[in-house]
Amino acid sequence: MFLVIDSRVKRFLSKNGLVILGFTFILSLIALLAVGLTQNKNTPENFKFGIVFDAGSSHTTMYIYKWSAEKVNDTGLVYEIESCKVKGPGISAFASNLQDIPMYLSKCMGRAKELIPKYKHHQTPVYLGATAGMRLLRMENEESAERILNSVTSFLSSYPFNFRGARIISGSEEGAYGWITINYLLGKLQKKQNSKDPSSRRNESLETYGALDLGGASTQITFVPKDTNIKPPIKFMQFRLYGNNYSVYTYSFLCYGKDQALLKKLAMDIMNAPSGILLDPCFHPGYERTVDVSYLFNNTCTREYNGQFPFHELKINGTGEFQQCQEDLLDLFHTTNCRYTSCTFNGIFMPPVQGEFGAFSAYYYTMNFLNLTSDKVSSEEMVIDKMKKFCARPWKEVNTTYAGVKQKYLSEYCFAGTYVLTLLQAYNFTDYWKHIHFMDKINDNTEAGWTLGYMLNLTNMIPAELPQPKPFSRPTYISLMVAFSLVLAVVFILGSIIFHKSSYFQKKAI
Ligand SMILES: Nc1nc2c(ncn2[C@@H]2O[C@H](COP(=O)(O)OP(=O)(O)OP(=O)(O)O)[C@@H](O)[C@H]2O)c(=O)[nH]1
Ligand SMILES: [Ca+2]
């Protein structure tokens, strides 16, 4: 019986074998092409979002970041899709009106609800970090600061997002996260990743940009020092990012932000010449402003200058003299009394500055307005010359020339520009215009500041080790599968034909 079937099958195969094989071949070819074409299409990208509130001393800004979930470990891929400026002062001003906090934050949260797809809300983290304004309030009244954070927490938790906490970040965190942000965005952290040689790895960390942040109440300087052998009296921050080790110096100067420095200067001026009228070289000639004396001294940053005065108001009359303004401001920086190998001002240890720096926030606002960003000046003389001319311009003329600029900012550019130059001198920068890059947004749309670095850190988005590269991309993988399957099919068909022919000739020979 088996023999009968076997011979029938053999006969059938010898007659139709080629037809069947050919048919199978065409079918598999169509199937493979169909798989290749349908599977090779780009699948829609899966995006993720994150929200960070920067609760600064002068105001609060909400940032929304977006990134592709598939490329999470690569550098520079997280970008900002929205920055929403909260209307009003910094959150530390809400100590006695906690009930207004929901109103204050709701507009930007509404914007976040609009911009982030609803089905992503529950997995979108929300963070709030408060900086120097809240640090100062905590020093004055810890409970008050706590109450503000509790109100913020209870309001932000009422949204469908994944609220991860509101806290006061330390000055070192603020400096370090700003450093991470700019180096991440500038692509400095994954550079020359293949080098095995330790000395070249050291150079990689020196090639990072230092970070300079000038806020309203504090200022930070952060960089990788050149000399690794110095024994620092404070610990450098240690990071391992993308397989590289970084030893980073950071320091935050509380009360040396732009607004607090101005209050310190005014308080110092009253102490030196107690009078209700101050002829101030840091403001334009013809500019007038009245400051409440109790406001000036009811402040942690001016406590060292406190005194009793027979007047309640201080009337400021601008005289617009850059040189004199700089001399006055230099008195805010005490450069004697260094107990270490090297210091910045006020006896604070700091290794010598080295390499390129990115300077953002008020550094940028000020120097950009004054047209003094690094690419626009060629020497320190040029900077000084421009500053002298700008400060000497009558307020009336300045006010009409820049009619659209906010009065508070416009009136303070002479002071702010002089303060920036004096602060950079106090850090011992030489040729600063060559090495300091005043920056606002990096890669077109993402603002330089601590918020992005903070989120990247808290969501573990910067790996300590280099991510293993994937052997093939999805399209390459599918194309290779199709190609190998085709080769297999062809080999199988050719093999069958040869087998079929050889058994046919064998039969004939018998
Ligand atoms: N010229 C100008 N100044 C600005 C602008 N936005 C903020 N400022 C001022 O620049 C200074 C620094 O602003 P921010 O960097 O926002 O400071 P902050 O984060 O509130 O303060 P910190 O808590 O100390 O970091 C403050 O004096 C602000 O009033 C702007 O668009 N233009
Ligand atoms: Ca700030």
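## Close-up views of a predicted model

E174 sits in helix α5 (residues 171-185). Helices (H or I, at least four residues) and strands (E, at least two) are DSSP runs, numbered from the N terminus. This is a predicted model, in which local features need pLDDT of at least 70, side-chain atom pairs count only at pLDDT 80 or more, and totals for chains, interfaces and linings use all residues. Residues are numbered from 1 along each chain as its sequence is written, while chains are lettered from A and ligands numbered from 1 in the order in which they are written.

View 1. The UniProt annotation "active site" (unreviewed entry) covers E174. UniProt positions are given in the numbering used here, feature names are shortened, and annotations may be inferred rather than shown by experiment. E174 is buried, because 30 other C-beta atoms lie within 10 Å. (Buried means 20 or more other C-beta atoms within 10 Å of the residue's own, exposed 12 or fewer, partly exposed in between; C-beta atoms are placed from the backbone.) Leaving out residues up to four places away in sequence, E174 touches T131, I169, D213, Q220, S252 and W450. Contact means that two C-beta atoms, placed from the backbone, lie within 7 Å.

**View 2. The annotated stretch around A217 and T219.** G216, A217, S218, T219 and Q220 carry the UniProt annotation "binding site" (unreviewed entry). A217 falls in the loop between β6 (210-214) and β7 (218-223). T219 belongs to strand β7. Why does A217 count as buried? A217 has 28 other C-beta atoms within 10 Å. T219 is also buried, with 30 C-beta neighbours inside 10 Å. Beyond its neighbours within four places in sequence, A217 is in contact with residues including S57, A132, G133 and L136. Further contacts of A217 include L254, C255 and G257. T219, not counting residues up to four places away in sequence, touches D213, L214, F253, Y256, G257 and L423.

**View 3. Helix α3 and its cover.** Helix α3 spans residues 132-140, and its buried residues are A132, G133, M134, R135, L136 and L137. Among the elements covering them are β1 (47-55), β4 (125-130), α4 (142-156), β5 (162-168), β7 and β9 (244-254).

**View 4. A sheet of 5 strands.** The strand order of this open sheet is β3-β2-β1-β4-β5, with mixed pairing. β3 (79-85) and β5 each have a single partner strand, so one side of each lacks a neighbour in the sheet. From one strand to the next, the twist averages 15 degrees. β1 and β4 pair in the parallel sense over 5 bridges. (Two strands pair if DSSP finds at least two bridges between them.) V52 has Y127 of β4 as its bridge partner.

**View 5. Helices on the sheet.** Helix α2 (residues 101-115) lies across β1, β2 (60-68) and β3, at about 150 degrees to β3. α4 packs on the sheet and touches β4 and β5; its direction makes about 170 degrees with that of β5. Axes are lines fitted to C-alpha atoms, for helices over the stretch in contact, and angles run from 0 to 180 degrees between N-to-C directions.

**View 6. The shell around ligand 1.** Ligand 1 is surrounded by 20 residues, the closest being G56, S58, T131, G215 and S361. (A residue is near a molecule if its C-beta atom, placed from the backbone, lies within 6 Å of it.) α3, α7 (258-272) and α10 (362-369) each supply at least two residues of this shell. α10 gives the most, with 3 residues.
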